[in-house]
Structures are given as C-alpha cells and as structure tokens.
Amino acid sequence: MMPFRTAARAFSFFTETRVRSSSLFLRNSGRKTAAHFCWNCSKRLASLATATALSIALLIPTGPAQADAGFRNWVASFRATAVQSGVSGAIYDEAFRNIRDPDLEVLEKARFQPEFTAPAWDYFDNRVHEQSIANGQAMARKWKPWLDKIEARFGVDRYILLAIWSMESNYGEMLKRTDVMRNVIRSLATLGYGDKKRSKFARTQLIAALKILQTGDIDESHLQGSWAGAMGHTQFIPTSYQSYAVDFDGNGRRDIWNSVPDALATAANLLKKNGWQSGKTWGYEVALPDGKMPGGSMSLAKWQSLGVARASGKPFRNGADKAELKLPGGREGPAFLVTRNFHVIKRYNNADKYAFAVGLLADQIAGYGTLVNDWSRPFTKLSFAEKQELQQRLADHGYYSGNFDGKIGQASKDAIMAYQSKVGLTPDGNPSMEVLKTLRRR
C-alpha cells in the first residue's frame with residue numbers, strides 16, 4: 001500500500017505549484033507526477049480549450065442534462081457495490097447527498113497529464129530552494145515537541161518528514177487553496193464513472209474513502225483532497241490512509257487534514273513499516289575518479305577502495321553499509337551513493353527524483369549545507385527571490401498572469417519564451433539571470 005504519490009504517480013498528480021503543482025495526482029506502482037494547469041499563449045489556450053471540450057464531448061456525448069443523469073445512475077448503481085464491501089447504506093447516502101453531477105475539471109485534469117521530461121535541475125530547483133528550506137527550519141522549531149515524540153516512536157528522521165511535508169503540500173499551504181482542494185467523494189466518483197484508465201483505481205479508493213467517513217475520523221464536508229483523491233498535509237490516498245494513518249495527538253481521530261502531528265506521524269509510520277533504518281542517512285554526495293564505475297550495490301568500504309570519496313571530504317559513517325551509485329543529472333552533475341533509506345523514501349513515491357529531492361531538502365533543512373557539485377545548467381541560476389522578481393516583471397510586460405510564487409512551471413516558461421522571442425533571445429524558457437537582466441533594463 002502506498003500514499004497518494006505512489007498509487008497516483010502512474011496516473012500523475014500534485015506538485016508544481018508542481019500545481020505543484022501543486023496539482024495532485026495518483027500513483028501507479030508508486031509513482032506520482034504533477035498535474036499542471038498551463039497558462040499558455042492565446043493559441044495554445046484556444047487549442048487546449050477546444051481539445052478539452054472535444055474530449056469531454058466524446059466521453060459524454062449526450063449533453064449536460066443527460067450526462068448528469070448518467071452520473072446519478074452510476075452513483076445509484078455503485079451503492080450496492082459499496083454496501084457489499086462493508087460501507088453502510090446510510091453513510092453512502094449521506095456522502096452523496098449533495099453530489100448531483102461529475103466534476104468536469106477532474107476529468108479535464110485527468111485527460112491532460114503532460115509527460116514530465118524536464119532536466120534534473122528543473123525538478124530540483126522548484127523544490128529545493130531558499131524558501132522551502134527556511135520554511136522547513138521554521139516548522140522544525142514550531143513543531144519540535146511533536147517531532148521529538150514522533151522521532152522517538154518511529155525512529156524516522158524529523159528532517160525527512162519535514163521535507164516530505166514540503167514536497168506534498170508546501171507545509172500545508174496547498175490545503176488552503178480552494179482552486180486545488182475538492183470533495184474527495186465527488187472526485188473519485190467522477191473518475192470511477194468517467195475515466196476508463198483510472199476507473200478501477202478510483203472505485204477502490206472511493207470505497208476506502210467512504211469507510212474513512214464511516215470510522216468518524218473526518219466528516220464528509222471536510223473530506224477534501226486533490227482532484228485525484230490525495231488527502232491531507234502528507235497526501236495519502238484513501239487505501240494508504242487506511243494502512244498507515246495514526247492518531248498521534250490522542251484526540252480519538254486520525255486527522256491528517258487538520259492535525260500536523262497526525263499527518264507527520266502517519267508519514268513516519270509508512271516509512272517505518274517499509275523498512276526505515278533509524279539513525280542512518282539516505283545517501284552521500286560523492287566525488288568520482290576518472291573511468292567507468294561498476295553498477296549494483298556494494299559496501300561503502302568497497303566503493304571507497306575504488307576511489308569514490310565523499311564530496312565534502314568527510315569519511316563515510318559506516319563502511320559496512322551497502323550503497324548504490326546514482327547520477328540523476330548525468331556525469332556532469334552531482335553523484336551520489338544511496339543507501340537503503342533512499343529506497344524506503346521511494347515507497348512514498350516511486351521516483352528517484354522525488355527521493356533525491358526529499359533527501360537533499362532534508363539535509364539542507366538540517367543545516368548540512370548545499371551540494372558541493374551543483375547541477376549542470378545551461379544558464380546562470382536565479383535565487384528564489386529573483387525568480388519571483390522575474391515573474392513580476394514578466395507580468396508587468398504583459399507576458400505572465402500567474403502567481404509570483406518562484407515556481408517555474410509551464411506558465412512561467414511560456415511567458416519567458418514569449419518574451420525571449422520578442423527581444424531576440426533564444427526562446428529556451430529557462431529562468432536565467434540573462435533574461436532577468438534584460439527585463440530590468442526595460
């Protein structure tokens with residue numbers, strides 16, 4: 001069983017903004033991708049709108065009134081399935097009391113999931129930056145008494161939990177966004193009814209969500225989540241909630257929506273049950289000797305005998321620990337030896353980039369410093385504040401209409417490319433110092 005990101009990744013979901021994202025999504029076999037809303041140039045918007053209308057028309061060809069009737073018939077027929085699975089008929093009826101039609105925005109997001117093929121630096125720059133680090137350190141101070149207790153009970157490093165919290169919901173800020181959060185029952189019913197690819201998954205999650213209501217941990221009006229059903233501060237899909245949710249604050253409810261202790265303890269419980277090794281790291285940045293390196297897992301002592309050393313110059317903590325060499329940015333970027341805990345993080349979201357982002361952000365929240373060998377970028381990197389300034393200046397020139405959040409998603413990239421084309425720069429969409437300097441001169 002996995003949290004939202006795991007089951008949702010193959011279907012894609014939340015972050016960049018990863019709507020991030022923070023948009024949210026499902027994971028299949030443990031992977032999660034971001035569901036983004038693009039603010040494109042007029043032609044692309046028109047094209048997307050046309051494609052969306054056509055897709056929904058093909059999905060529900062009989063028109064809005066009949067489409068709503070079809071959805072209501074599906075809800076009525078699914079009641080028997082839910083009851084046979086252990087859901088009370090009264091709970092089912094109450095959950096659907098005010099749900100009369102499908103959420104067409106959920107279907108739109110489900111049908112337009114972009115392939116995530118961005119370079120390594122693009123992924124990490126949007127997640128490991130000055131603001132996420134500073135916020136994590138502030139949260140470490142604010143929640144220290146609870147983090148002490150969670151760490152003592154589960155043995156999971158507090159900074160890993162804080163990094164996951166940042167990645168999943170921006171320390172809970174995403175839960176405040178009415179444009180992202182929606183009724184979990186309606187979202188899952190919509191996918192179960194109108195999305196053939198996700199129908200089986202959504203129906204399983206819908207039954208699990210109804211059982212959550214049945215336990216009394218949360219009521220229907222507060223059962224909010226992403227468009228694909230990911231819930232709470234640490235983004236768990238309903239089945240994963242059932243497997244790992246913890247009432248850590250002792251109020252009788254496993255409330256990952258409103259209780260930060262419950263949410264962080266739930267994430268810790270998932271990691272512990274999947275083999276987290278207490279007191280050990282997720283991995284090390286390393287410096288490589290010239291020549292080809294072997295693959296597979298070997299002891300740190302063996303890697304060291306081959307000429308691999310910590311990039312910081314410090315010794316490895318335990319030479320007997322097994323580790324695997326990974327180069328997420330290629331040979332020109334930083335190199336890492338990752339240990340068992342790296343793979344445990346991937347049980348949260350089965351993607352190397354996700355696990356690296358969690359590990360690197362956790363290290364920086366803890367004060368261990370930045371990478372020795374940074375990611376290889378084809379431009380001069382901006383600070384988080386400078387990215388916000390870039391977005392503001394693009395907006396001032398009429399190229400951008402999104403939030404000044406320092407997250408360079410597709411909307412920002414489109415705006416950068418449009419501006420670059422206008423002023424004679426190579427339209428690569430990169431948030432570079434060169435672009436910002438040009439904007440400052442105008």
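K149 lies over the face of W146, at 4.6 Å from the ring centre; a charge counts as over a ring if NZ of Lys or CZ of Arg is within 6 Å of the ring centre and within 35 degrees of the ring normal. This is a predicted model, in which local features need pLDDT of at least 70, side-chain atom pairs count only at pLDDT 80 or more, and totals for chains, interfaces and linings use all residues. Residues are numbered from 1 along each chain as its sequence is written, and side-chain values use heavy atoms, with hydrogens and water left out.

**Charge over a ring**
- R127 also sits over a ring face, that of Y123, at 3.8 Å from the ring centre.

**Aromatic pairs**
- Rings of Phe, Tyr and Trp (its six-membered ring) pair if their centres lie within 6.5 Å; planes under 30 degrees apart are stacked, over 60 edge-to-face, and the rest tilted.
- The count by this rule is 22 aromatic pairs.
- One of them joins W121 and F379 edge-to-face, with 4.9 Å centre to centre and 75° between the planes.
- This pair links distant parts of the chain, 258 residues apart: W121 is in helix α6 (residues 120-125), and F379 is in the loop between α16 (352-365) and α17 (384-396).
- Helices (H or I, at least four residues) and strands (E, at least two) are DSSP runs, numbered from the N terminus.
- W121 and F379 are both buried, meaning under 20% relative accessible area, where exposed is over 50% and partly exposed is in between (1.4 Å probe, protein chains only).
- Y284 and F316 form an edge-to-face pair, at 5.1 Å centre to centre and 85° between the planes.
- Y284 and F316 are buried as well.

**Ring cluster**
- Ring pairs join Y123, F124, W282, F336, F342, F356 and W375 into a cluster.
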